[in-house]
Amino acid sequence: MTLYYDDTEFVRIINLYKKRENWEDILEEAADNVLDFIIMDAMDFAVGGVAEEISGYVGTSGNSVTIELECSHPAAAMFEYGGYSPFPPWDEVGGVLPFPVAQAIAENQPFSQPQPFLRPAFSNNVGLIESEVVSVARQMSD
């Protein structure tokens with residue numbers, strides 16, 4: 001599961017620095033500087049073994065800078081958005097869960113309520129990203 005945070009959310013900040021030739025470099029460096037904080041926040045919100053599977057990337061395409069969080073855990077989307085859990089494979093049919101645990105998951109539907117971890121990590125760090133953009137811009141102007 002992958003979640004993107006696009007720089008179009010930085011309208012206020014972009015308008016301030018867009019006149020500079022290096023505004024994409026400013027946004028990219030700022031995003032790189034805060035990426036670890038966003039990943040750590042996502043890990044703090046994550047439940048169970050999901051935290052170990054979170055990674056992040058900063059990418060550029062044209063005049064766009066994107067921060068990407070990714071979680072390769074098979075249940076990541078169910079944790080993030082909630083949803084119905086089918087009967088998971090149990091150990092006797094090649095799964096990793098004992099049959100009673102798989103049966104309890106199917107009967108109790110523990111993932112029906114969302115437990116987001118990626119979206120809050122982004123929203124909690126918007127202010128940090130914006131202040132980092134200002135900081136990097138000041139450093140690059142020296």
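The crossing of α2 and α6 is right-handed (the near helix is turned clockwise from the far one by less than a right angle). This is a predicted model, where local features need pLDDT of at least 70, side-chain atom pairs count only at pLDDT 80 or more, and totals for chains, interfaces and linings use all residues. Residues are numbered from 1 along each chain as its sequence is written, and side-chain values use heavy atoms, without hydrogens and water.

Helix α2 spans residues 23-45 and helix α6 residues 126-141. They pack at about 135°, with axes 8 Å apart.

Which residues of α2 and α6 make the contact? From α2 come residues including Ile26, Leu27, Val34 and Phe37. From α6 come residues including Leu128, Val133, Val136 and Met140. Contact means heavy atoms within 4.5 Å. By class, twelve residues are nonpolar, two polar and three charged.

Now the largest pocket. About 310 Å³ of space lies in it. The lining has 14 residues, each with an atom within 4 Å of a point on a 1 Å grid. Closest to the centre are Ala75, Pro88, Leu97, Ile105 and Phe111. The lining divides into eleven nonpolar, three polar and no charged residues.

Methods: Axes fitted to C-alpha atoms, helices over the stretch in contact; angles between N-to-C directions. Helix = DSSP H or I, 4+ residues; strand = E, 2+ residues; numbered from the N terminus. Nonpolar A, V, L, I, M, F, W, Y, C, P; charged D, E, K, R; others polar. 1 Å grid on protein atoms, 1.4 Å probe; cavity = no way out; pocket = protein on both sides within 12 Å on 5 of 7 lines; lining within 4 Å. Points joined across faces, edges and corners; volume = space filled by probe spheres on them.
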